[in-house]
Amino acid sequence: MAAKVKRSRMKKTGSKKKTDVIRVEDLSPPRSYSLEVSGITQSLVKKWLLCKRAFLLSVNKYESRAGKKSYAFGSLVHEVLDKLYKYAELHARKRPVGILSDLEEMIPIWIDDYILKNRKKDLRAKSHDELETDAAKAEALLIEYVYTFADDFKLKKFHGIEEVSEVDFNGTILRKKQDGKYYDKNGKLWLMEHKTKGKIVEESIMMALKMDFQNLWYCYMEQLLTGERVYGVLYNVIRTPGHKVHVNESIKEYKERLRDLIREDPAHFFKRYPVTYTKKDLNEFGRELYMILSEIKSKLKYPRFLIRSTPHCLMSFPCDFLKACSCGNMNDFKKRRELFPELVEEE
Ligand code: SF4
């Protein structure tokens with residue numbers, strides 16, 4: 001990392017202690033980063049489009065020391081969904097007999113595994129009670145999900161679950177990890193993308209999905225990789241229940257109450273948006289991507305171009321780097337090992 005380090009001396013209980021303060025304004029892209037070798041993911045390109053400063057901090061691998069509340073529940077649901085589809089893929093011969101009850105039995109085990117694995121990280125952002133409520137919420141949602149979309153597990157043949165891939169695009173390595181893919185009854189290839197959302201804006205979601213950067217990135221990459229025409233993305237949204245645990249209600253009672261609510265109105269909690277992309281849509285995306293990557297390549301050499309875009313500091317969520325930009329230093333941030341944590345394969 002090519003950051004100048006300002007050394008300051010601090011007096012602490014009579015002794016002198018050296019502290020290194022890394023100032024945001026001194027950061028530049030690390031020499032080891034390049035589009036040609038390190039490559040780029042759709043989320044990193046989105047950061048570039050939103051705020052060059054967020055891109056700069058990300059290629060320097062910074063992340064907040066305090067975890068993020070909003071991500072913890074989504075990551076839990078996402079990981080268990082992946083396991084559900086992987087299990088169905090692996091046990092294809094057993095289907096349709098017994099698969100749903102198997103999955104119902106496995107869901108609480110996978111949730112416990114996730115919580116154990118991420119306990120240290122998630123407890124930085126959430127209390128023990130909040131994690132327990134998350135687990136109950138996820139269990140109620142996912143068990144009802146399995147019965148609502150029984151055909152996904154009994155009949156449909158999802159494959160490529162959590163597949164990590166890379167492809168060369170005019171000298172840049174594009175990277176992705178996608179949730180899954182399948183062929184519809186007419187033999188057309190579709191990708192699947194899972195999301196958890198607290199709020200779904202019904203009137204505009206389909207219009208926005210027609211241009212969704214992540215969906216188009218996945219379809220475009222899949223076509224480059226396989227040469228196969230990708231018909232679209234099945235955008236699978238799970239609504240996060242906003243229901244709280246009642247006073248004197250046990251977690252078990254809370255879970256049962258949620259399951260009843262979801263069973264009564266599954267269409268409210270589970271939304272599916274099949275979004276088709278034409279050849280023209282994908283060609284247009286390819287042209288735009290080429291221009292964006294050319295801009296990144298040329299500006300990477302000049303850190304002074306990597307300026308803040310403050311209108312994006314507080315969009316639907318506060319930006320991950322809000323504290324760094326606001327205080328001007330990286331004191332509350334640490335460096336992670338991986339440049340693209342989203343591509344790391346699950347153990
Ligand atoms: S806090 Fe604002 S200026 Fe800083 S990286 Fe985020 S969006 Fe950019």
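Me: What domains does the assignment give for the chain?
Reply: The chain is assigned domain 1 (21-65 + 288-343) and domain 2 (69-156 + 253-268). Those bounds come from an automatic or database domain assignment. This is a predicted model: local features need pLDDT of at least 70, side-chain atom pairs count only at pLDDT 80 or more, and totals for chains, interfaces and linings use all residues. Residues are numbered from 1 along each chain as its sequence is written.

Me: How many Å separate the centres of domain 1 and domain 2?
Reply: The separation is 33 Å, taken over C-alpha atoms.

Me: OK, ligand next. Which residues are around it?
Reply: The residues are C51, R53, A54, R308, S309, T310, H312, C313, C319, F321, L322 and C325. A residue is near a molecule or strand if its C-beta atom, placed from the backbone, lies within 6 Å of it.

Me: How does that shell split by class?
Reply: The shell around the ligand has 7 nonpolar, 3 polar and 2 charged residues. Ala, Val, Leu, Ile, Met, Phe, Trp, Tyr, Cys and Pro count as nonpolar, Asp, Glu, Lys and Arg as charged, and the others, Gly among them, as polar.

Me: Which elements each supply at least two residues of the shell?
Reply: α2 (52-59) and α12 (322-327) do. Helices (H or I, at least four residues) and strands (E, at least two) are DSSP runs, numbered from the N terminus.

Me: Stay on α2. Why is it called largely enclosed?
Reply: Because 7 of the 8 residues of α2 are buried. Buried takes 20 or more other C-beta atoms within 10 Å of a residue's own, exposed takes 12 or fewer, and partly exposed is in between; C-beta atoms are placed from the backbone. The buried ones in α2 are R53, A54, F55, L56, L57, S58 and V59.

Me: What covers the buried residues of α2?
Reply: The cover includes α1, β4 and α12. As for α1 (residues 42-50), its buried residues are Q42, L44, V45, K47 and W48. They pack against β3, α2, β6, α8 (213-226) and α11 (279-300). Contact here takes C-beta atoms, placed from the backbone, within 7 Å.

Me: N248 then, buried or exposed?
Reply: N248 is exposed, with 6 other C-beta atoms within 10 Å. N248 is in the loop between β9 (230-239) and α9 (251-264). Its phi is positive, about 65°, although N248 is not a glycine.

Me: M330, where is that?
Reply: M330 is in the loop between α12 and β11 (333-335). M330 counts as buried because 22 other C-beta atoms lie within 10 Å.

Me: What does M330 contact, leaving aside neighbours within four places in sequence?
Reply: M330 is in contact with I22, V24, Y62 and A324. M330 and V24 are 306 residues apart in sequence, yet 6.6 Å apart in space, C-alpha to C-alpha.

Me: Change of topic: how many residues are in the largest nonpolar core?
Reply: The largest nonpolar core has 64 residues, and those with the most contacts inside it are L76, V77, V80, L141, L142 and C219. Helix α3 (residues 69-90) gives the largest share of this core, 9 residues. At least three residues come from each of domain 1 and domain 2. Such a core is a set of buried Ala, Val, Leu, Ile, Met, Phe, Trp, Tyr and Cys residues joined through C-beta atoms within 7 Å.

Me: What does C219 touch?
Reply: Not counting residues up to four places away in sequence, C219 touches L191, V230, V233, Y277 and L282.

Me: Last one, the open sheet. What is the strand order?
Reply: The order is β3-β6-β5, with mixed pairing. β3 (40-41) and β5 (163-169) are the edge strands, each pairing on one side only. Two strands pair if DSSP finds at least two bridges between them.

Me: How do β5 and β6 pair?
Reply: β5 and β6 (residues 172-178) are antiparallel, over 7 bridges. V167 has L174 in β6 as its bridge partner. Their hairpin has 2 residues between the strands, and N170 takes a positive phi near 50° there.

How values were computed
Contact = placed C-beta atoms within 7 Å.
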